[in-house]
Amino acid sequence: MKNPQKDAEKKRVIEQSNDRKSKGYKPWRRWGPYLSERQWGTVREDYSPTGEAWDYFTHDQARSRAYRWGEDGIAGFSDSKQRLCLGLALWNGKDPILKERFFGLTNSEANHGEDVKELYYYLDATPSHSYLKMLYKYPQAAFPYAQLVEENGRRDKSQPEYELMDTGIFDDDKYFDVFVEYAKADTDDILMRITAHNRGAEEAPLHILPQLWFRNTWAWGYDATRPALSASELGCIVVEHPRLGNYHCYLDGEAELLFCDNDTNTARLYGEDTADQVPAYSKDAFHDYVIHGNHHAVNPLQNGTKATGCFNITVPAHDKVEACLRLTSGQNRQPFKDFNQLFDARLREADDFYATLQADLEDDDTKLIQRQALAGMIWSKQFYYYDIPQWLKGDPAMPPPPPERLHGRNSEWKHLNNAEIISMPDKWEYPWYAVWDLAFHCVPLAMIDPDFAKNQLLLMTRVWYQHPNGQIPAYEWAFDDVNPPVHAWAVWEVYKAERDAKGGKADSGDRDFLERALHKLILNFTWWVNRKDAEGHNIFQGGFLGLDNIGVFDRSAPLPTGGHINQADGTSWMAMYCLNLMRIALELAQYNRVYEDIATKFFEHFLYIAAAMNNIGDQGVGLWDEDDQFFYDVLHFPNGELLPLKVRSMVGLIPLYAVEILEPEVLNKLPDFKRRLEWFLNYRPDLAALVSHWSEPGRGDRRLLSLLRGHRMKCLLRRMLDESEFLSDYGIRSLSRAHLEEPYVFSCMDHPLSVQYEPAESQSGLFGGNSNWRGPVWFPVNYMVINSLRRFAEFYGDDFKIEYPGGSGNYISIDAVADELALRLTRLFRKDENGRRPVFGDNDKFQNDPHFHDYILFYEYFHGDNGRGVGASHQTGWTGLVAKLIETQKHD
C-alpha cells in the first residue's frame, strides 16, 4: 500500500514554486521562524544623532520598550509580515529578569566585539516549516549577567572571550534542556510543544510562558487601530487582526492566562508620572507579575496586544515536563486530541525528506551534521523591515529625529524600503542581511528549497533594494560599503543546482530567473566599473571587501599615506564577475541570440582586466610578484609611485576564483560570439596569450579563461598547499602562518604598522574587532577555492598533478586536491578517532557530555591551527556551506 505521507515535504516545497493563483496552492511558508533574536542594538532601532546604535537601545531597555521595526524572541515564530508573533519566556525562580530574549554583550562591552552569551541550537527544520525544532539550555541558578559583563570588560584583546560555560553554571548539570518544536497541521494551524528536561539531580522550579503578541504598528502615528487579544469563556485566547484575520490560541493544561500591551513602559524608562493616566499594562508586565508578584501589572480584563499562558511547574530530577499550544485560524473544540499524532506525522515527513536528500550518505554522524546545518539555514530566516525615508524623517507620533541623521548613515538610500523574509548571517550577532553572505547562503538553501534561494538573490536586485546607480546594498550599518561581487556567481550556482536536480537537461533550467538577474547585475557591474576603477586602468579598489582586518590599513578608510590601494582581491573579484556574467549570457544566448553581444562584452572585459593585473597602467608593476610567486595589493602613492604590500593573505589567492571554460559545443551554437572571439584573439595576440586552449580530437579547441595559466597556478598552489603557510588540518588559512615569525611591517610616517598571523580571535580593533582575517579558516573563501579547483580540473584532467601537501613529494590531481580540502573543512565538525569534534576545541563538556556532544554550533570562522570555532556561534549562513560540501562528497 502506498504511504500517503511519502514525499509530502518535497511536494510542499515544489508547490511553493507554483503560481500563487494556481488551483490548490497552499502558502506553507506564510508562517515560519521569522523573528530576530536581537532587535535591540540595531541600526533600524537607532534614532541617536551620532549613530550609536548599541547605546541607544539596550538589552536592559528591551523588555520595557516597544520596538519600531521588528520583534525578537526565543524560538520566535510569526506570519510572513510579522503581525502576530509566538515565542518563549522562562523563569527559574532566581533570575532577576524574565528570560524573554537571549542575552549578549555589545561591541564595547566585550573584548572581541558583540557576542551572545547563551547556549542554544537549531536541531531540525523542513523548508516549508511544517516541522521545526530547537534547543535552549537554561541554567537553574541565577543567570550571571553581571559576571559576564564585568569579566569580559576586564579582559583585553590578547585574552579569550569569557563565555557562559566558563562561569561554571553548567558544572553540576543544574540546568534545563528546553526543546521547542513547531508543527503545522495546515498552513494556518500551528502547534507548539515545549519540553523541559531537568538534567540535574534535584527537582527544580520552572515557569514556562509561551507568548503571543502583535508587533506594535499602532504607536507611530500612521494607523492607530489596535489588533486585539482576549480571553474567551472557553479558556482560549481569541486573536483579532484587521489584516491577518481571526485566530484562536489554545493552551493545554493548567496555565494562567495573562494579558498586557506591547507598549513602552514610560514610567520605568523615562520616569514619567502616570498616576493620573489610564493604567498602562506595558510590555514588561509579565516580568513584573511573575518575578515581583505585581498583580496590578497585568490587565484584569484579560485583553491587550500581548498574552501568555503561565505554567508554574516543578520538574523532577532527571525528568521532563511539557507545555503545549495550538494557534489556528478556525475554532477547534478538541485542539489537543490529535496533537501528538500530528507531531509524529510531521517528524516522519521530515525524516523522509532528509532520507531522500541523504540517500548516498552512509555515515550517521555526517547525516547529523548536514541536517543540523540545513536546519540552521531555515531557522535563520527573518522578517526584515526597514523603510529609510520613514526612518530618516521620523514618525508623526514620535519626536522628530535629530537633524544630523539627514546627512548620516544610509541617508543616500532614500529609495530603500525593505519588508521581506530574508536569510540572516546570524539572528543575534548579525540580525540584518549582508549581501555577500546572502549569496553564499543561497547555495546550500538551493539543495532543499531552490525557489526560496532564487527569490532571495532576485530580491537584492529589486528596485526597492538596489540603488538607482546600480549599487547593491551591503548591510544596514553602511549600505554604501562594498561587498565582494559574488551575486552573479551565486545566481549561476543556484541555476545549475536546480537544473541538475531536474535531470540536467538543457531546457530544465529556470531561464526566466537567469534573465531577470542578468539585467540587474549588468547595472551593478557598470556601477563597479564607474566607481571602483580609480584611473580607468581595469584595476579595482573597493575597500575592505568583507575581509575586515586582513590588510595593513583599514581598506575602507582614507589612507594615511594618501593615494589608494590597487587591490588584488578587488580586481580578481571583478575578473570573476566578468566570467560569471559571460557564462550566464552564453546560457541565455542559446535560446536568444541577443545575448551573444553581452557575452562578447564580458569576455573582452575579462581579458582587459587580466592584462592590467600584469602591468598596472603600463608602468611595469603588476599585482603578481614573480619573485614571491604570489599576488599582492599595490599601494598607489599620490605621486604615482607603486609599492607592493607583501602580505601573503587570502587576498592573493582570490585570483584563483576567476576561471571559466569555453566548450566547443557551446561556441558552435553561437556563431556571432565565436566569430568575434576568434577575431579578437587574432587582433590582440597579447591578450590571446592569456587564454589557455586544448584541442581534443572530434571536439575542437577547449579554451580556459583564467587569471592563472598552468605555471602560475602551480606556483600559487605550491604556497597555498604548504602546511607551514596556508594549509591547515581544517582548510586554507586566511593569512600565511609564515607571518607568525615574520610579521609584515610597513613604516607609515615613521610609525610601524604590522600584520602578524593570529589564528583565532582578533588582536586588532579594525571593524569592531569581532572578526579576524589574519589567520583563521573561513568557509566562504575556502568553498570558492574548492569550487574553482574543480573547474580547473575539468579543463586539465587527471594528468595535471599538484604536490600535496607542499614539500611532501606526493603528487595528485587537481580534483583530488579539491576533495582533500573539502574533507579537511568537513573534519571541523566530524568526530575524530577519539570521538572529539575539532569545532569544540578543548571544552570537555562539549566533547564528552551526551547532552552536548551531538549538538553542533556552526561558527563564523575557525582557529587556523586547531579548528576551534570562533566568532558568531550561529553563523549557519555561510558556514552552512558544509552541507553542500558533504553533498559533493556523496559519491567519493
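Modeller: I'll start with a pair of helices and the loop between them, then move on to other spots.

A word on the ground rules: this is a predicted model, where local features need pLDDT of at least 70, side-chain atom pairs count only at pLDDT 80 or more, and totals for chains, interfaces and linings use all residues. Residues are numbered from 1 along each chain as its sequence is written, and side-chain values use heavy atoms, with hydrogens and water left out.

The pair is α11, residues 450–459, and α12, residues 487–501. Helices here are DSSP runs of H or I with at least four residues, strands are runs of E with at least two, and both are numbered from the N terminus. The two helices pack at an angle of about 160 degrees, and their axes are 10 Å apart. (Axes are lines fitted to C-alpha atoms, for helices over the stretch in contact, and angles run from 0 to 180 degrees between N-to-C directions.) So α11 and α12 are roughly antiparallel to each other. That label is for angles over 145 degrees; under 35 counts as roughly parallel, 65 to 115 as roughly perpendicular, and the rest as oblique. Their crossing is left-handed, meaning that the near helix is turned anticlockwise from the far one by less than a right angle (clockwise would be right-handed).

Which residues of α11 and α12 make the contact? On the α11 side they are Pro450, Ala453, Lys454 and Leu457; α12 brings in His487, Ala490, Val491, Val494 and Glu498. Contact means heavy atoms within 4.5 Å. An α-helix has 3.6 residues a turn, so residues three or four places apart point the same way. By class, the contact of α11 with α12 has six nonpolar, one polar and two charged residues. (Nonpolar is Ala, Val, Leu, Ile, Met, Phe, Trp, Tyr, Cys and Pro; charged is Asp, Glu, Lys and Arg; the others, Gly among them, are polar.)

Now look at the loop between α11 and α12, where you'll find glutamate 476. Is glutamate 476 buried or exposed? Its relative accessibility is 0%, so glutamate 476 counts as buried. Buried means under 20% relative accessible area, exposed over 50%, and partly exposed in between, with a 1.4 Å probe and protein chains only. Setting aside neighbours within four places in sequence, glutamate 476 is in contact with Thr42, Val43, Arg44, Tyr384, Tyr386, Arg409, Asn410, Trp432 and Tyr433. Take valine 43 from that list: glutamate 476 and valine 43 are 433 residues apart in sequence, yet 6.5 Å apart in space, C-alpha to C-alpha.

Helix α24 runs over residues 881–888, and seven of its eight residues are buried: Leu881, Val882, Ala883, Lys884, Leu885, Ile886 and Glu887.

With 19% relative accessibility, threonine 561 counts as buried. Beyond its neighbours within four places in sequence, threonine 561 is in contact with Phe553, Leu635, Phe637, Pro638, Phe746 and Cys748.

Histidine 318 sits in the loop between β16 and β17, with a positive phi of about 50 degrees although it is not a glycine. Its relative accessibility is 60%, so histidine 318 counts as exposed. In the loop between β32 and β33 you'll find proline 805, which a cis peptide bond joins to tyrosine 804, with omega about -15 degrees.
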